[in-house]
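Biologist: I have a structure open and would like to go through its fold with you. Could we begin with the sheets?

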Amino acid sequence: MAEIRLHNLAHSYSRAPNGNGDYAIREMNHVWAQGGAYALLGPSGCGKSTLLNIISGLLSPSHGEVQFDGKVVNHLHPEQRNIAQVFQFPVVYDTMTVFDNLAFPLRNQGMNEARILAKVNEIAEVLELHPLLRKRASNLTADEKQKVSMGRGLVRDDVSAILFDEPLTVIDPHLKWKLRRKLKQIHEQFNITMVYVTHDQLEASTFADKIAVMYGGQIVQFGTPRELFERPSHTFVGYFIGSPGMNLIEVSRCEGGVRFADTVLPLSPALNQRLDELQWTSLKVGIRPEFVHVWEGFNEDARCGEVVHLEDLGTYKILTLRLDGQLLKVRLQEDQPVPQQQVYLSFPAQWLMLYADEYLVEVLPAQPQSQSSEVQP
Amino acid sequence: MKVQNNKAWWLVLPVFLLVAFSAIVPMMTVVNYSVQDIFDHSTRYFVGVDWYKQVLQDTRLHDSLLRQFIFSGCVLLIEIPLGIAIALCMPTKGRMASLVLIVMAIPLLIPWNVVGTIWQIFGRADIGLMGWTLNKLGIAYNYASDTGDVVGTIWQIFGRADIGLMGWTLNKLGIAYNYASDTGDAWVTVLIMDVWHWTSLVALLCYSGLRAIPDVYYQAARIDRASAWAVFRHIQLPKLKSVLLIAVMLRFMDSFMIYTEPFVLTGGGPGNATTFLSQTLTQMAIGQFDLGPAAAFSLVYFLIILLVSWLFYTAMTHNDKTR
């Protein structure tokens, strides 16, 4: 049980890194608090697994420190860090039975057999592996093997943390849901820090209390699923989270606000002032398809767009429209009338986000731009 | 009813013809010889299983069969663990990896009769590097005439008929065994030569098997705090099983049929110390023109190899089938 702190951590696979491009992990500071359930979310190749392997000690970072409860553990091997890790593909010891597989990490610790029996039975109960305990691990299905793999991680309840590296990739969809709930239960029961790497936002938000979104070797936002949805602090978070992602429109500065083509979007005085203080080279506005307001008919204050495409997804519809040359997506509820050809819409100010150089422009003073974990909800 | 398309059998025909000429026809010829007593083209008698009876009771063959089993057993006991050990030590990346692979492959590329000649020279007491060195070190070594000194006390004691475990056991089992006339420097030299020649094969097979193990297994083992022995026992060895099966079968069959090396090195001597089955067979067939007994013998020889290979195969794949 431990708090995991990454201090000025960076990693490059090349021996003489040259510029940001050579870094798999760009310098970051981050804290995973004791007992939290966290997800590390990001696209393939963003450095999620690298970061996980650095925490577990399979990989030694080229810069910075990994601290467990304030103690630097850089020089400790994975064996010495007392950490459990579950990998993407099932790893079982073919020669052993399921029971021996689950008991293996405990036996290596030198635990006595009576306690091992109790622990293994407990975890087999939770993962529903009981009927398989006497079976040889080599004869299991992929699902079962992955459960055994997970079981070997979970059976040690004294670990500093359990790291999951996309553990449900090979699992059937209906089982995925079940196993995720199991993990959640186990988390509640044992209060172990868990870090769960995934590229699936649904998986991340159902498992984790807080999600760290990684992009290009950096954690671009760390927050609750709701924060990530409502106030993405980086354009990537806006684009990656949500289905479909946030509408992002490149805009230019104008008197009292921003504009694209003939459309002027006025900004609040505070935001205008903030924007004048900042240095930036590109500006974007972002609004989620869910938050674009669609009027039922003509409205004085609304802007008029042209319907391009309608996609019916059953419980809701995705409307693609063109507004001043920009394509936007809007989410319509089932019962909402579907506009034909012309659509009147407006952007509620509270949901309209402004991004300078891809980072959210915040009106509230001095919030660090989300690389750090101490962003409070 | 499932419709069967028997035309597919025609597709097997070319292979069948090939196998017929390379294996089936020669083998049936041997079967034919083994039940006849042949004097010349027109004078031949059907003798039934007489040759088989004779062959199975021939003590000369018992001796070579025993030598052969001991030899193949030693070959496997040395080459398989040694090959695995070498494979585990071989570098995995960089220039050294390629260099080591080449060095390991060299013995495999040398023809058998050359190997015999190399060791014949290497072991010579007057001009051979090894023989000369051993003799300088005060070890009396001469593969051409000596029959019992360098094998060492282990084999002497182990093989003794009165107090040695092996000698005593073998004699109790009714097998006439006496190391003094059957083993010697020559025998050990042939063994070392085979180890030198073929351990590379086992090592290279194991090396390829080891490379095929995904990294994540090693990572998981580290996370589980597995000891190096546990990693070997529970990850490497099980994953090597299929290549080891190939290695064991190849090395067993090859060593069981060893002919050229002892033929070149010692000609089967001194005495009969390095006369293995294939040589006995050749002497019988070509040296003495006893085609009938030789044919019967080669069929028995063939069945022994088949049986032992089957035993190995069954033993090593047994676990996959049980649940």
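Biologist: In what order do the six strands of the antiparallel open sheet in chain A come?

Modeller: The order is β13-β12-β11-β14-β20-β21 in chain A, with antiparallel pairing. Strands here are DSSP runs of E of at least two residues, and helices are runs of H or I of at least four, both numbered from the N terminus. Two strands pair if DSSP finds at least two bridges between them. Please note that this is a predicted model: local features need pLDDT of at least 70, side-chain atom pairs count only at pLDDT 80 or more, and totals for chains, interfaces and linings use all residues. Residues are numbered from 1 along each chain as its sequence is written, while chains are lettered from A and ligands numbered from 1 in the order in which they are written.

Biologist: Why is one side of β13 and of β21 in chain A left without a neighbour in the sheet?

Modeller: β13 (263–266) and β21 (359–360) of chain A are at the edges and have a single partner strand each, so one side of each has no neighbour in the sheet.

Biologist: How many bridges pair β11 with β14 in chain A?

Modeller: Five bridges, in the antiparallel sense, pair β11 (residues 247–254) with β14 (residues 283–287) of chain A. A:Ile249 has A:Val285 in β14(A) as its bridge partner.

Biologist: What is the strand order in the mixed open sheet of chain A?

Modeller: Its six strands run β6-β7-β8-β3-β9-β10 in chain A. The edge strands, β6 (84–86) and β10 (218–223) of chain A, each pair on one side only.

Biologist: How do β6(A) and β7 of chain A run, and what stands opposite A:Val86?

Modeller: β6(A) and β7 (residues 161–165) of chain A run parallel, joined by three bridges. Opposite A:Val86 is A:Phe164 in β7(A).

Biologist: Changing topic, how many residues are in the largest nonpolar core?

Modeller: It has 83 residues, and those with the most contacts inside it are A:Tyr38, A:Leu40, A:Ala161, A:Val195, A:Tyr196 and A:Val213. Such a core is a set of buried Ala, Val, Leu, Ile, Met, Phe, Trp, Tyr and Cys residues joined through C-beta atoms within 7 Å. A residue is buried if 20 or more other C-beta atoms, placed from the backbone, lie within 10 Å of its own. Helix α3 (residues 98–109) of chain A gives the largest share of this core, six residues.

Biologist: Which residues are among those in the other core?

Modeller: That core, of 24 residues, lies apart from the largest one and includes A:Val251, A:Leu267, A:Leu328 and A:Val361.

Definitions and conventions. Buried ≥ 20, exposed ≤ 12 C-beta atoms within 10 Å, placed from the backbone.
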